[in-house]
Amino acid sequence: MTENYNKKPIDKIVYPLQRFIQQEKSGGLLLGISVLIALILGNTSLSEGYHHFLAHKIGLNFDGKSFLDLSIHHWINDGLMSVFFFVVGLELKREMIGGDLSNPRQAFLPIAAAIGGMLLPALIYFALNPNSETGRGWGIPMATDIAFALGVLFLLGKKIPLALKVFLTALAIVDDLGAVLVIAFFYTNEINMTYLFIGLFILLIMLLGSKLGVRSVLFYAVFGIFGVWVMFLFSGVHATIAAVLAAFTIPADVKIKENLFITKIYNYLERFKNIDPTENTPTLTNEQLHELEKIHEATIAATPPLQRLEHAMHPFVTFVIIPIFAIANAGISLNIDFTTLFDNNVAIGVAAGLLVGKVLGVVLFSTLIIKLKIAEVPKGMTFKNLLGLGFLASIGFTMSLFISSLAFTSEFYQTEAKIGIFVASIIGGIIGYLILNTNKIRDNE
């Protein structure tokens, strides 16, 4: 149905952009473009300026003392990525409360697949890199990039049953939770307990506010950013963990139930309809404005703050933060002696962990759970489809790049890890697409 409203010239620009943003595959497409931009910046005459810009420091100065004096690269990885992890936390809480992870029978299969897809890659990497210096990268191949994986999946359209899209989404969300826990417990520096306890105390205030019914986004923003995030940053615990914990304090309930909301909206609309409009003017009367304000207030009261925040922030994360992160972290110089990649097993360990460990972990653990009849089998799940999803899960781009920046201080090791991530993600994505593309187009479910 075509919406009947007064269209303006700007709509011809905004509407196509809105349609692009609303498509599931758009995030993965933009991420791929960002990677290409980063590689161009890192391998042309722009390289020196690119790295110099990322190394430039920004901070606050008070009375000659620096406060949060961090490089732009650091601000992106610890600041902007905290927003990404905040949205991950919101998604995790929503899924646990009322989503695919709330029903144990439905959740067990993607949870088992995610666990297998994290354990085997880590074991394969560590088996190839047993020494302590390169061994720190064992967490890199554990991650799945939900934007890229779902982007490839949605390119297949009706060839993929909805249940399989839900399965891969749930797997990637559990995978994100695993990555958060790995960062918290294994990639945290020396901890300053004073700052950590202050951060936890502020987190407790946010949780108390949630229990008391505080629904103001400003309340959680102030305490979350200027309290929990800053204190965790100073404590040595990675600041992105603060973002996930803060997300779990956001209320997920509503002030008015659906039936009452429908009744209220119906009454407000009836009153709005019966108000005599202002003649020959495009403006509304005060009475009309009053009814519209009531509709807006009722809509907010009927929407959980958690979902309101997730809905508002998701496009910003997908189309701004993740591309910026990719541009800042994927610009590796390819002007290297590739024979040095075999001087150690960092690149090989990452690539093998993703391409072999991920696929085997997802397929074997899922098959075991299905054979034992512990979990329900999603509609359309065959061994071929499971194998294809396993290869898509080996696309470990965003989170793998992030963990590689935490695992290694050596730029050489980071470059090797990124090459392994690129190779495995590209091959895994192509193989997964080719396997799943053999499915027949399905009718609307």
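Where is the kink in α15 centred? The kink, of about 35°, is centred on Gly353, the bend at a residue being the angle between axes fitted to the seven residues ending there and the seven starting there. The model is predicted: local features need pLDDT of at least 70, side-chain atom pairs count only at pLDDT 80 or more, and totals for chains, interfaces and linings use all residues. Residues are numbered from 1 along each chain as its sequence is written, and side-chain values use heavy atoms, with hydrogens and water left out.

Helix α15 covers residues 346–371; helices here are DSSP runs (H or I, at least four residues), numbered from the N terminus. Its 26 residues reach 35 Å from first C-alpha to last, close to the 38 Å expected at 1.5 Å a residue, where the expected span is 1.5 Å times one less than the number of residues. Just after α15, Lys373 has a positive phi of about 55°.

The structure contains six salt bridges, each a side-chain nitrogen of Lys or Arg within 4 Å of a carboxyl oxygen of Asp or Glu. One of them joins Asp175 to Lys358, with the closest N and O atoms 2.5 Å apart. Asp175 lies in helix α8 (residues 162–186) and Lys358 in helix α15, so the pair ties together parts that are 183 residues apart in sequence. Both Asp175 and Lys358 are buried, buried meaning under 20% relative accessible area, exposed over 50% and partly exposed in between (1.4 Å probe, protein chains only).

Arg94 pairs with Glu95 at 2.9 Å between the closest N and O atoms. Arg94 is partly exposed at 24% relative accessibility, whereas Glu95 is buried at 5%. A network of salt bridges links Arg94, Glu95 and Glu310.

Definitions and conventions:
Helices (H or I, at least four residues) and strands (E, at least two) are DSSP runs, numbered from the N terminus.
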